[in-house]
Amino acid sequence: MSNENKRAGAQKSSGLNTEALKDLLFRVADDSLILAHRHSEWTGFGPLLEEDIAFSSIAQDKMGHANALFKILHEKLGEPNADAIAFGRTEDQFKCCQFVELPNGGYDFSLVRHFLFDASELIRWQFLQQSSFEPLAKLAAKIQGEVKYHVYHAQTWLVQLGAQGNEESRILMQTALDKAWPYALGIFEHGAAEGALIADGVFVGEDVLQSAWLEFVTERCAAAHLTIPTNTTAVLGGRKGYHTEHLKPLLDEMNEVFRIDPSAEW
Amino acid sequence: MAIIVSLDPRVTRLQIQADPEITSEPKPDLDQFQTYEVFHQAKSGAHHTHVGCVHAPNAEMALVLAKETYGRRGQTTNIWVVDTGAILTMRAEDSDVFETTPDKKYREVSAYMVRNKVEDYKKRQQLGTKK
């Protein structure tokens, strides 16, 4: 990059609404961190060895995405280091949607959540490749292959159990989809400063994301012989720090080592 | 009644009562999915090398599962999966068809006596250019 371009880039990011940007990064990072933790609870309990490995690996990828976002918050936006952000915040300071904090339930619910959430993640990162905030655009380009595989994994299972399994597996998946749907809509709850993010060219916004996602999951669910529920209301609140009763026990477990020794290396 | 103690602390934490009525039985046959053989390619253009197998209900699922089972460490450019049943192989008792192969050194590269010829040729070339 030439010096001239570098200056232009610096001017661009210094002109961004920093609070809006941080809010977006926390929302995306917290979703990844909490869902990574939920996914990791399946490690050792997966329905077959190969799937146990794949799902655990996906959990690790998500933890990596959260870590990369926390690093940006620390290095570019003046927040404390990644461990302190991940383990040092209280429940009400988390910006994750309530969808990711729900307990795993059975493998049916975990897979449906994996599919619905990761589809939104894939499209979100595709949009973020065009972000005016360069560190985010670079990260988006770097991890696109990982999120592509996550969706490939999820939708293959969805079709397998929905369309190619038996009636029992299809009903289980449909029931899980019905339960997950209102929470999935909560992914797209607006952040604290949605307008500023759009105006600054940081992100296209949750509404654009939601309609792209709806089109994507409608097509995939049809291929899996699953019906998308209608007349449902989105479960909101997570983006503002209001959470289900399930988040606190999760954080308590996740922060156990950090609370004993914040400087522990592990 | 005794509580189930597992090597996994998460299981132990659940405080599951061990039921003396329940005894563990061997799993029935064909309890698992069929297998697919996995071939891993480390570089574009390189051979695909057999690395193991995965259990899966069909080829699509096998590919999805093989990606993480065999492609999550080190460099990977592609993976093939092949239904184990699609591989035709010799019967173990027919391995005698290969028995005399090690004796046939003349079929091995190291047995080709061309080195002397190559060196002679190089020498002649050098002499030629010096002239």
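Buried means under 20% relative accessible area, exposed over 50%, and partly exposed in between, with a 1.4 Å probe and protein chains only. By that scale A:Asn231 counts as exposed, at 81% relative accessibility.

This is a predicted model, in which local features need pLDDT of at least 70 and side-chain atom pairs count only at pLDDT 80 or more, while totals for chains, interfaces and linings use all residues. Residues are numbered from 1 along each chain as its sequence is written, chains are lettered from A and ligands numbered from 1 in the order in which they are written, and side-chain values use heavy atoms, with hydrogens and water left out.

**Cysteines of chain A**

- The whole structure, searched over all chains, has 0 disulfides, a disulfide being a pair of cysteine sulfur atoms within 2.5 Å.
- A:Cys97 is in no disulfide, and the nearest cysteine sulfur, that of A:Cys96, lies 6.6 Å away.
- A:Cys97 counts as buried, at 0% relative accessibility.
- A:Cys221 is in no disulfide either; the nearest cysteine sulfur is that of A:Cys97, 17 Å away.
- A:Cys221 is buried, with a relative accessible area of 1%.

**Helices of chain A**

- Helices (H or I, at least four residues) and strands (E, at least two) are DSSP runs, numbered from the N terminus.
- Helix H7 (residues 134-162) and helix H10 (residues 206-223) of chain A pack at an angle of about 40°, with axes 8 Å apart; axes are lines fitted to C-alpha atoms, for helices over the stretch in contact, and angles run from 0 to 180 degrees between N-to-C directions.
- H7(A) brings A:Val151, A:Gln155, A:Leu158 and A:Val159 to this contact, and H10(A) brings A:Phe216, A:Arg220, A:Cys221 and A:Ala223, where contact means heavy atoms within 4.5 Å.
- The residues of the contact of H7(A) with H10(A) divide into 6 nonpolar, 1 polar and 1 charged; Ala, Val, Leu, Ile, Met, Phe, Trp, Tyr, Cys and Pro count as nonpolar, Asp, Glu, Lys and Arg as charged, and the others, Gly among them, as polar.

**Single residues of chain A**

- A:Asp31 is in helix H2 (residues 18-40) of chain A and counts as buried at 3% relative accessibility.
- Not counting residues up to four places away in sequence, A:Asp31 touches A:Cys96, A:Cys97, A:Val100, A:Phe117 and A:Arg239.
- A:Asn67 is in helix H3 (residues 49-75) of chain A and is partly exposed, with a relative accessible area of 38%.
- A:Asn67 and A:Ala82 are 15 residues apart in sequence and 6.4 Å apart in space, C-alpha to C-alpha.
- A:Asn231 is in the loop between H10 and helix H11 (247-254) of chain A, and its phi is near 55°, a positive value in a residue other than glycine.

**Chain B**

- An open sheet of 3 strands in chain B has the order E2-E1-E3, with antiparallel pairing; two strands pair if DSSP finds at least two bridges between them.
- Strands E2 (49-55) and E3 (78-83) of chain B stand at the edges with a single partner strand each, so one side of each has no neighbour in the sheet.
- The twist averages 30° from one strand to the next.
- Strand E1 (residues 35-41) of chain B pairs with E2(B) over 6 bridges in the antiparallel sense, and B:Tyr36 has B:Val54 of E2(B) as its bridge partner.
- B:Gln15, in the loop between helix H1 (9-13) and E1 of chain B, has a phi near 55°, a positive value in a residue other than glycine.

**Interface of chains A and B**

- Chain B gives 19 residues to the contact and chain A gives 18 residues.
- About 1500 Å² is buried between chain B and chain A, with 64% from carbon and sulfur atoms; buried area is the accessible area (1.4 Å probe) that two parts lose on being put together, summed over both.
- In chain B, B:Arg10, B:Val64 and B:Glu68 lose the most area to chain A, together 35% of what that side buries.
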